[in-house]
Amino acid sequence: MPFTERHLLGLEGISREQLSVLLDTARSFKEISERDIKKVPTLRGKTIVSLFYEASTRTRASFEIAAKRMSADFVSLSSATSSTTKGETLLDTARNLSAMRPDAIILRHAASGAPHFLAARVDCPIINAGDGAHEHPTQALLDLLTIHEHKGRLDGLTVAIVGDILHSRVARSNLFALRTLGAHVRLVGPPTLLPTELRSWAETTHDLHAGVQDADVIMMLRIQLERQGRNFFPTVDEYSRYFCLTERAVARAKPDVIILHPGPMNRGVEIASDVADGRCSVIMDQVTNGIAVRMAVLFLLVNRAKAEPKAEPAAAEVARPAAPERRLRRRAG
Amino acid sequence: MSELLIRGGTLVDPANRVHGQRDILIRAGVIVAVVEAGAPLDAAEATLVDANGLLVLPGLIDMHVHLREPGYEYKETVETGTRAAVAGGFTAVACMANTNPVNDSGAVTEYIRDRAAAAGLARVYPIGAVSKGLRGEELAEIGEMHRAGIVAASDDGMPIIDGALMRRALEYTAMFGLPVIVHEEDRAIAAGGVMNEGALSLRLGLKGMPAAAEEAMIARDLALLAHSGGRLHVAHLSTAGAVDLVRDAKRRGLSVTAEVTAHHFMLTEAAVEGYNTDAKMNPPLRTPEDVAAVRRGLADGTIDVIASDHAPHHRDEKDVEFDQAANGIVGLETTLPLALRMAEEAGIGLDILVAAMSCNPARILGVPGGNLAAGSVADVTLVDPRRRWTVEPGRFHSKGRSTPFAGMEMQGQAMLTIVEGRVVWRAGGAESGKVAAA
C-alpha cells in the first residue's frame, strides 16, 4: 500500500490503510534513534522549513531532530508576532517560502485551517503541527504508535480522553483516528468543555470515574490555565477536584491501563504526580515515539512529492479546500 | 419628451393584484398607461421595448447594502455599487451607515446622495446611524439626517448592546416615522465566534456563535418594541428561532418587519467546509433546518423582505486565515436569480417574491416604487426568467469579488433596468430584437 496523501493537514478522513502505512513506517524508523550514530542519508539534500506562529518547545524540537536524523536541511522560523498583530500576511509568507523551493513546510498556527490555506497556495507538502483548536495530527500519530506498542492493537480498545475537549486539537485528531481504527472513545470533561454535539462521535460523560471505568487507555489533556476566569470552570482548584487523574481514579480502569499526556503537564491539576510518574504512565514513550512518527511523516510526504511532482490530489484529500484552489489556478493562469 | 412602450411582457404587480400580459407606456419618468396586451395606445413617439417572454416587475429595491463610500472606496464606491445594483435588476438601494466617517450627520447623508446623483444609476437611500460613530453610546442627530434624506436608522454591523439606548432609539425615530433596522447579535453570547456553532464548528475547530446569540437579542428588542412603540426592522435574520419570534410578534400586532438574505435562504454552514472565507459572514450561514424555516417565513409573510446585504471587501481582506477574514460577501448581482431559484424550490409564488424585493421595501422605507399602476414612478425591471448564466466574480460590476456562488449556474437575469423612465442597464448579448430597441 503506497502512501497517497500529499499533505498532512489532519487525521480526519485519513483511511485506516494510510494510517497503517504511517505507523508501520514510524515503527521501522524507531531503531535509527537507538543507534550510536543516529543519522541516515534518507533526506539528504532536502530542505524542510518549520514555521511556528505559536510557542512550542517539544513539537518543534521533535520535528527538527526527526529531520536532522534523516540528514535533511532544517530551517526554523518562528514568528514572535502573534497572528493578530499586523505583520506579513500568511499569504505573502507562503508565496515567499514557496519561491525558495522547500521540500516540505511544517506549520503551527493559532488559526484553525491555516495549514489548509497554505496547502492551497504552495507547491510542497504541508505538515500541520497544530492549528488552533482543529487538529494536531503528528501528536495523535505518536499517541497511536505508543498505544499500539503497549496493546498490540487499536481495534476494540476503550480509550478515555479527559479534559478540555472543546479547545483541544490533540483530542480532535485522536478522536478522528481512533474512530477510524475501531477504538471505542469516551470523552470526559465538564459540560462547558464538552459540547453536546460530540455525542454523535463518541460516548461522553462528566464523571471522571465513570469515564475511565475499564478503560484500556486514558489520555489526559492539558488544561489551559488561562481558561480560568472565562467561566469554563470556576477555578483550577475546582477543576482538579473533579477531573484530576489520581491513583484512585486509575484504579477504576483495567489493571493494564496505560496513561498518556501530550505535555506540558500541569502536575496536580489534571494529573497527579504519582500517576504521571507511575507504572502506568507511558508519557516518556510518547516523546520518544514523536521522533519516529515525524521521521515517517517527513519521509513519506517528501518522497511522494519527489516521485510524483505533478500528481493530482488524491481523492482521499477531503480536507483540501475547493475555493482557494480555484483562486490559485486563476492566479497561475 | 422621452417615451417608452414596453410591450408583450408579463406584468407582476402585486400592489395592484395584476399578474398577466400587459403593455406599459412610460412618459416623462412616470407610468402613464397600463393596458391589456395589444390594446391601442397613443404612443406614436414611443421607443418600443419588446418584452415578449420577459417579466415586467416594479423596480427591485435592495434595502440592505454597503456602498462603502465615503472612506472605503477601495472596497466599493457609490458608482460601482449602483452599477452592480442596476445590473442585478435593482432600481434602488438603501445603504448602511458604516462608512468612514460614519453616516451619523446630515453632511455625510448629503455627500452620499450627491455621489448617487453624479453616478446617475440606481436611486440611493442613505440609512443614518442610530448612535454617534456607531459606538452604541449616544443617539446620533437623527432629525438632522432625516432632513438630509435618510430613510431609516441603523447601526448595522454593530448590535446595539445598550438596551436603554435601543429603547430611546425606537421612541425617538417614531417622531420621524423612521424604522430602526437592527443587526441582532448578543456579542457576549456570540463570544467571538466566526461561524455557526454546532457539530461543524466543533469539527473544524472554529469558534462558533450559537443561534441563541441572535434570538436573545431579537427577543429583547421585541419586548422593547411592545413597551416603547416605534418600528423595528430585523435585518438578515438567519435562524428558525428568529422566524418564530417575529411570527409571534406579528401575531401580537407589533410593528415589526423582517428581512432575509439570499445566502441565508440558499446556503448552509456546510459552505464553510475547507475554511472557505467566501462563506464567512455575520450572521453566519446556519443549518438546513434554519434554511427551511426562513423559506417558510417568506412563504407565510413572517419575513417581508429579501435583501442582499451586499458587503464588498478587498481581496486582501478575504484571502487570509478564516479567523482573520472579513465578514460579508457581495450580492447585488446574484440575489435576483437566487431568489427565483429559491421560490421555485420552495413553491413560493412570484407575487410574494416581487413583494419581498420591491413593494415591501418601498413600504417599510416610505419611498416611491413597488407599484406599476398608472401615475406611479417609472422604476421598472425587466427579467428574463429563463436566461442561464454562470457566476464569474471577475465580471462583476462591483469592486467586491467574494461570493460563495462563484461558478454556480444561475437562471434568470435582469435584461433592462429602468429608473424614472431612463434605461440605466441593458444586459449584454440580449437576443436581437428583444429589448434591443430601447
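Two residues are taken to be in contact when their C-beta atoms, placed from the backbone, lie within 7 Å. The structure is a predicted model. On this criterion, 29 residues of domain 1 of chain B are in contact with 41 residues of domain 2 of chain B.

The two domains of chain B are assigned as follows. Domain 1 covers residues 3-56 + 375-426, and domain 2 covers residues 59-365. Their centres, taken over C-alpha atoms, are separated by 26 Å. On the domain 1 side of this contact, three elements of chain B give two or more residues: strand 16 (380-390), strand 17 (409-419) and strand 18 (422-426). Strand 17 of chain B gives the most, with seven residues. By class, the side of domain 1 that touches domain 2 has 15 nonpolar residues. Another eleven are polar, and three are charged.

Chain A was examined next. Its secondary structure comes to twelve helices and nine strands. Of the 333 residues in chain A, 47% are buried. Contacts between residues at least 6 apart in the sequence of chain A were also sorted by separation. Of these, 76% join residues at least 24 apart.

One helix pair in chain A was considered in detail. Helix 1 (residues 16-30) packs with helix 5 (residues 137-151) at an angle of about 70°. The axes of the two helices lie 10 Å apart. Angles of 65 to 115 degrees count as roughly perpendicular, so helix 1 of chain A is roughly perpendicular to helix 5 of chain A. Helix 1 of chain A brings A:Leu22, A:Leu23, A:Ala26 and A:Arg27 to the contact. Helix 5 of chain A meets them with A:Leu141, A:Leu144, A:Leu145 and A:His148. The residues of this contact divide into six nonpolar, one polar and one charged.

Technical notes
Residues numbered from 1 in each chain as written. Chains lettered and ligands numbered in written order. Predicted model: local features only at pLDDT ≥ 70, side-chain atom pairs only at ≥ 80, totals over all residues. Axes fitted to C-alpha atoms, helices over the stretch in contact; angles between N-to-C directions. Helix = DSSP H or I, 4+ residues; strand = E, 2+ residues; numbered from the N terminus. Parallel < 35°, antiparallel > 145°, perpendicular 65-115°, else oblique. Nonpolar A, V, L, I, M, F, W, Y, C, P; charged D, E, K, R; others polar. Domains from an automatic or database assignment. Buried ≥ 20, exposed ≤ 12 C-beta atoms within 10 Å, placed from the backbone.
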